[in-house]
Amino acid sequence: MLAYLIRRLFAAAVMLVVVILVIFSIFFLIPKWAGVDIALSFVGKQADPASVEGVREKLGLSEPIYTQVWMFFKGIFAGRTYSSGGDVVHCSAPCFGYSFKSEQAVWPVLTDRFPVTLGLALGAAVLWLVFGVAAGVLSALKRGSLWDRGAMVVALSGVSLPIYFTGLLSLAIFSFGLKWIKAEYVPIGHSFTGWLGGMILPWITLAFLYAAMYARITRATMLEILGEDYIRTARAKGLREQVVIGKHAMRSTMTPILTMLGMDLGALIGGAVLTETTFSLPGLGQKVLDAIKNQDLPFILGVVLITSLAVLIANLVVDILYAVIDPRVRLS
Amino acid sequence: MTAPLREPAADAAPSAAEEAAEVSADAKAVQGRSLGRIAWERLKRDKLALTGGIVVLVLVLVAVLAPVITNLVGQDPDAYHEDMIDALFGTPKGSLGGISGDHLLGVEPVNGRDIFARIVYGSQISLLVGFLSALVAVVLGTVLGILAGFFGGWVDSVISRVMDGLLAFPQLLFIIALVTVMPNELLGLTGTGVRVFVMILVIGFFGWPYIGRVVRSQTLSMREREYVEASRSLGAGRLYILFKELLPNLVAPIIVYTTMMIPTNILTEAALSFLGVGVKPPTASWGQMLSNAIDYYDSDPMYMVIPGVAIFITVLAFNLFGDGVRDALDPKGSR
């Protein structure tokens, strides 16, 4: 188990380095090849020439690439100082960048917004896991029945609907039309019930989309597993059907679902851009939209970085959970 | 797969002429059907998939004939109709967002552009990006998938790692980042042209691992089959085996994954345009219409419902068709 853990941790560390390199390339190398003035895109297109030159020096854009990469890494792990002449800005670790436009470090803004997104992602995940997996299992057990067909049609519609459309629709119906829910975000510290009220529509809309995907995957996996020999053996032993399904079949069905959950949760924690935009939730995703509108590139970079980190951590957790669920994993 | 098992025996034994005659009589009674034929007959029986296929066909026609259709109803997607707008609220006059004989789906708030014409033109962007990005993904995925599966070793390790990495990371965010850092002029294109070009490339780039993974695993299992060995023993070169023996057998899974990828790509394009990093105004796109509709969801709900339903119908049609194609091409399928 310990060897497995160490191996996983090492793999995650390597992945982290690769991901940081990829993100660096997206923001600093690819635009350069495409002929973009990077300094200009970091301050916004309305900036005066002097400040563009200042940013060019602060970011070290005239330095060789390997120096820039080193500065980028160093910033994340040890902090860095942006200086141009007498103009010096310090960005302490973890330095996820500095917005020259709004003159603030990116990291504190991200941590401020993080709880909103975390709440959204976790709440929705609970809903979609419960309903999606249950619907999928029922469909698989009653294959071809009216329930199965109905559930799969709903699931197919679910994956075909853009979330910003179902979100707007639910706002129009439940908030504006029926006036059941007041659609505004209240921090959990101010009022717990107010927070619940503001989150319920985003949770349901987001969970509907994912529940649809999970139901489809659960059904397919369950059907495959029910055809396996060990299920026949379990039945032949005379085990009750509840035990065969609930214990033997479910355990294998959960493995691919856990993988998906790790990725999806990681990606969502980093920013449910579309959901947060639709419901005006002040999370990381909404910051991305603000940054697109204000041409404030460092925030986009910051969110991409924090999301990748969240995905890495989520995958690591899933890998460890695997070893707990499935003893074969530890040995391989 | 379902190879005719009796045929070689009949060929190999000239002495058993009677048996051969029997076999051919048998074959007549059963009638041999090609795999493609079987798939097509299965697909024909699947009403939902067929409906999806017809809708897809109609959508393609609408996109191709957009100028003809809008001329026919006498509407221009960019023309303002301020006389249709309530000056006080900025919303369309009349009920249901101004739906009338002239404006089949009503008009937009504030400037009064005809929604029907904009939906028709919007289908061009959706389908163009949807299809071409899938094409990029298929080409990349097939080439790299075959390379990984056929050569194995370190080639396989590198390609597989890259695929895992690409699949694990939040694609929408990376696509947003890549589209935002791109310049406004590229390779002689400007404005919307650049955005569409970049979207096609980037969405395709993030999509290829889905195809690559399947192609790789199929290639891996097929290169050990007898027929490949037979071909090799006859002196066939690597390229011959790749293109003449392996590729034809990969067509089915590639078709299935492509049809399933197009709707996802259409949704991604709509999402990017919704977020303001997709096509630039005044070019019509469904995602952008929805993002404009946010401000009017209470006063003019039809403005949001129409592009939303357009996206829904398109994506659902592709999904239904894709599911049908998958079931039809699956040799294990019982339907």
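Me: How much accessible surface does chain B have, and what share belongs to carbon and sulfur atoms?
Reply: In this predicted model, the accessible surface of chain B is about 16700 Å², with 64% of that belonging to carbon and sulfur atoms. Accessible areas come from the Shrake-Rupley method with a 1.4 Å probe, and for residues only the protein chains shown count as cover.

Me: What is the secondary structure of chain B?
Reply: Chain B has 13 helices and 2 strands. Helices (H or I, at least four residues) and strands (E, at least two) are DSSP runs, numbered from the N terminus.

Me: How much of chain B is buried?
Reply: Of its 335 residues, 47% are buried. Buried means under 20% relative accessible area, exposed means over 50%, and partly exposed is in between (1.4 Å probe, protein chains only).

Me: Which residues form the nonpolar patch on the surface?
Reply: L128(B), L132(B), L135(B), V139(B) and V143(B), with about 420 Å² of accessible area together. A patch is made of residues with over 30% relative accessible area and no salt bridge, where like charges are joined within 9 Å and nonpolar side chains (Val, Leu, Ile, Met, Phe, Trp, Tyr) within 5 Å.

Me: Is V202(B) buried or exposed?
Reply: V202(B) is buried, at 8% relative accessible area. It sits in helix α9 (residues 192-222) of chain B. Apart from neighbours within four places in sequence, V202(B) contacts I175(B) and L178(B), contact meaning heavy atoms within 4.5 Å.

Me: And what does T258(B) touch?
Reply: Again leaving aside neighbours within four places in sequence, T258(B) is in contact with A134(B), V138(B) and I211(B). T258(B) belongs to helix α11 (residues 238-275) of chain B and counts as buried at 17% relative accessibility.

Me: Over to chain A. Which residues of α4(A) are buried?
Reply: Q68(A), V69(A), F72(A), F73(A), G75(A) and I76(A). They cover an arc of only 155° around the axis, which puts them on the same side of α4(A); the arc is that of the directions from the helix axis to the C-beta atoms.

Me: Why would residues some places apart point the same way?
Reply: An α-helix has 3.6 residues a turn, so residues three or four places apart point the same way.

Me: What do the buried residues of α4(A) pack against?
Reply: They pack against α1 (2-33), β1 (80-84) and α13 (297-325) of chain A. On the other side of α4(A), Y66(A), W70(A), F77(A) and A78(A) are exposed.

Me: Where does P94(A) lie?
Reply: P94(A) is in the loop between β2 (87-91) and β3 (98-99) of chain A. Not counting residues up to four places away in sequence, P94(A) touches G75(A), I76(A) and W107(A).

Me: What about R219(A), what is its partner?
Reply: R219(A) forms a salt bridge with D148(A), the closest N and O atoms being 2.8 Å apart. Both R219(A) and D148(A) are buried.

Me: Which residue meets D323(B) in a salt bridge?
Reply: R216(A), at 3.4 Å from N to O. D323(B) lies in helix α13 (residues 301-329) of chain B and R216(A) in helix α8 of chain A, so the pair joins two chains. R216(A), D323(B) and R326(B) are linked in a network of salt bridges.

Conventions:
Residues are numbered from 1 along each chain as its sequence is written. Chains are lettered from A and ligands numbered from 1 in the order in which they are written. This is a predicted model: local features need pLDDT of at least 70, side-chain atom pairs count only at pLDDT 80 or more; totals for chains, interfaces and linings use all residues. Side-chain values use heavy atoms; hydrogens and water are left out. A salt bridge is a side-chain nitrogen of Lys or Arg within 4 Å of a carboxyl oxygen of Asp or Glu.
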